[in-house]
Number of protein chains: 2
Amino acid sequence: MIKQTLQLELGERSYPIHIGPGLLSLTALYEPAIRGRQVMVVSNNTVAPLYMDTVCEALQDYRLERLILPDGEQYKTLEVLNTIFDALLEKRFNRSCCLVALGGGVVGDMVGFAAACYQRGVDFIQIPTTLLAQVDSSVGGKTGVNHPLGKNMIGAFHQPRLVLADTDTLSTLDDRQLSAGIAEVIKYGLIEDREFFEWLEANITRLLERDTEALVYAIERSCRCKAEIVAADERESGKRALLNLGHTFGHAIETGMGYGNWLHGEAVAAGMAMAADLSARHGWIDNTDVSRIRALLKKAGLPTDPPGDISSDRFLELMAVDKKAMDDGLRLVLLDAIGAAKITADYDHGHLDETLSRKLPMTGS
Amino acid sequence: MIKQTLQLELGERSYPIHIGPGLLSLTALYEPAIRGRQVMVVSNNTVAPLYMDTVCEALQDYRLERLILPDGEQYKTLEVLNTIFDALLEKRFNRSCCLVALGGGVVGDMVGFAAACYQRGVDFIQIPTTLLAQVDSSVGGKTGVNHPLGKNMIGAFHQPRLVLADTDTLSTLDDRQLSAGIAEVIKYGLIEDREFFEWLEANITRLLERDTEALVYAIERSCRCKAEIVAADERESGKRALLNLGHTFGHAIETGMGYGNWLHGEAVAAGMAMAADLSARHGWIDNTDVSRIRALLKKAGLPTDPPGDISSDRFLELMAVDKKAMDDGLRLVLLDAIGAAKITADYDHGHLDETLSRKLPMTGS
């Protein structure tokens, strides 16, 4: 057994993150996280047929209810959120109940937000079944839904009581989803862990082949990075914004293309390549760094350029509605090196326009 | 000027509560609470024609937007909440914006909840314009909306940056609304301030006549009581539940009658009379206490009995969906004396049934 366990340290809101194969069926992992008797397992119609029974069997000693939502980012809405409230109230769930989010980032974000709001806050458990959710959205307590005018615009900070990242669930993930998850893994290397970036350059094939040991290693290292940053800045007043590397560009791509056409991780990959391009135009990183970043993303099966049909002006418009748009100008996460990101509003607007309009980069990558 | 100022002490979430006449137009009171430039004043179609211009004039140096919601408890829904998000996103409000809730409890609860969720939390200011909101809902950070299956079932704890209780706004309140507010004022006396209860017995007529000095005194003393309880137990894990005196019965009345037929304060008044009746049936208070409580409520123009058409069984059903229903049995707030409430699940179910089925009370009040 190669299970790894991390603790996200947030005082009385601290919680464990377990990573490894075969975790879903281990009742003993759930028990410390569940304080009452009522448990509702919420999943979607893709994941539920695969893993719902295993989870429910592990939780059979509780008063258990199941709820299945439609699968897809287009269902991450207030309306679908309300169906969770309907179910909780119909089943007369009380304040000491616990919700279990079984699925990818959409299920995790929505169930987490439902838990944040139901009776002004109840417990919940994250069981992420995509690599993206395992290394990113299930850890750190960001929850929410989309609005037609912006992604994740309605939400709450609400920490889970437990995260179970069972690597066996990645066996049913399609290749495109796996690659999208690797985008966020690469992000941690770029932000603050050059050694991990280099490990990824050497081991990317093992991840794509779903080697369990490599997956556990990469997920653990990613979650450790995220847990440290969240522990230092839970509500994103400072350092936590580093985790948005590639995301301001990426959200603009997702919104501009309509949710669901690009996977989140794909948009973030293109966004990170754009952040690298913009950083290089300022001379903060070398062109060889840009080439290495683009090469690793490509090897992981990820896009490195935004879609051709978003104009520079439209890009700026989509970026300005982003949460990171502050009174004092749009701040971006850019790179001083591979393994050293920074948050800054002090960049050249001409260079930004060059990046957005996809002027040929200075490097020929 | 007889302005009173209290501070609700919650560490970095502390905020002032100003009480007095003529406060709406005092720009200097708002300024310390507003951190950015974007301000949206949200009101309803009853209150906006009366006070929106005064507030907007005081805030004219900000980037100001106005939003007017339909008036009434039946509009305290996720759908109407979403119109606030629509407006914020259309106007491109960012994370450092500030919302202003100008109106009664419905506006305050919804705008507060919108502020809690918009971009995972922005600032807001409470300007309560009903007595009920001034002494209760605007203070303490409980926000939310109703669900067809239960009142305030969806919400968040989110503290305002400032509460402005301008007693001049009570001049336009109709008599029934004023009485409904007095119900919550009487509640504070019953919970923990016998001396205040006795002051109310002596001064109820002055309140009904809207004597400014009496109003400022009663509001200040009520807010002080609430602020102390909230400071001790912000998220209602213990003592704060005392504030629910009369509310478990009251919510059942409101839900059973359909929101809006009984005012919240009227339902709470009948609920407090029921709590007193149930306490007397256990011998915890005297029949003369019950008579005094009923007499004060009646003098304030409030009901002291639930509507006749809710059966005992239906009452229990409506009460059990209440947030206070715990795994270990329904806990109620009952009285050990006028000025001494307690939270308990240790009551006789036969006595509860007598109270719910309106068996003749032991006293002939």
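Leaving aside its neighbours within four places in sequence, which residues is His264(A) in contact with? I would like to begin there, and the answer, taking contact to mean heavy atoms within 4.5 Å, is Leu132(A), Lys151(A), Glu184(A), His247(A), His251(A) and Glu254(A).

Before I go on, please keep in mind that this is a predicted model, in which local features need pLDDT of at least 70 and side-chain atom pairs count only at pLDDT 80 or more, while totals for chains, interfaces and linings use all residues. Residues are numbered from 1 along each chain as its sequence is written, chains are lettered from A and ligands numbered from 1 in the order in which they are written, and side-chain values use heavy atoms, with hydrogens and water left out.

Under the name "binding site", an unreviewed UniProt entry lists Glu184(A), His247(A) and His264(A). These residues span 81 residues in sequence, yet no two of their C-alpha atoms are more than 10.2 Å apart, so they gather at one spot.

His264(A) belongs to helix H10 (residues 264-281) of chain A, where helices (H or I, at least four residues) and strands (E, at least two) are DSSP runs, numbered from the N terminus. With a relative accessible area of 16%, His264(A) is buried; buried means under 20% relative accessible area, exposed means over 50%, and partly exposed lies in between, with a 1.4 Å probe and protein chains only. The side chains of His264(A) and Glu184(A) are joined by a polar contact of 3.3 Å. A polar contact is a pair of N or O atoms within 3.5 Å; within protein, one must be able to donate a hydrogen and the other to accept it, and residues adjacent in sequence count only if both atoms are side-chain atoms.

His247(A), for its part, lies in helix H9 (residues 247-257) of chain A and is buried, at a relative accessible area of 5%. A polar atom of its side chain lies 3.0 Å from the backbone oxygen of Leu245(A). The C-alpha atoms of His247(A) and Asp313(A), which are 66 residues apart along the chain, are separated by 18 Å.

Still in chain A, the unreviewed UniProt entry also lists residues 67-179 as "domain: 3-dehydroquinate synthase N-terminal". The end C-alpha atoms of that span lie 28 Å apart, and the span is 34% helix and 30% strand.

Now to a loop in chain A. Gln119(A), however, has a phi near 50 degrees, and Arg120(A) has a phi near 65 degrees. Gln119(A) lies in the loop between helix H4 (105-117) and strand S6 (123-128) of chain A, and Arg120(A) is found in the loop between H4 and S6 as well. Are Gln119(A) and Arg120(A) buried or exposed? Gln119(A) counts as buried at 1% relative accessibility, and Arg120(A) counts as buried at 5%.

Let me turn to the helices of chain B. In general, two packed helices are described by the angle between their axes and the distance between the axes. The axes, which are lines fitted to C-alpha atoms, for helices over the stretch in contact, with angles running from 0 to 180 degrees between N-to-C directions, come within 9 Å for H9(B) (residues 247-257) and H12(B) (residues 312-320), at an angle of about 105 degrees. H9(B) and H12(B) are therefore roughly perpendicular to each other, since angles under 35 degrees count as roughly parallel, over 145 as roughly antiparallel, 65 to 115 as roughly perpendicular and the rest as oblique. Among the residues that make this contact are Phe249(B) and Ile253(B) of H9(B) and Phe315(B) of H12(B).

Finally, Arg281(B) sits in helix H10 (residues 264-281) of chain B and is buried, with a relative accessible area of 10%. The side chain of Arg281(B) makes a polar contact of 3.2 Å with that of Glu354(B), and another, of 3.4 Å, with that of Thr355(B).

Terms used. UniProt positions are given in the numbering used here, feature names are shortened, and annotations may be inferred rather than shown by experiment.
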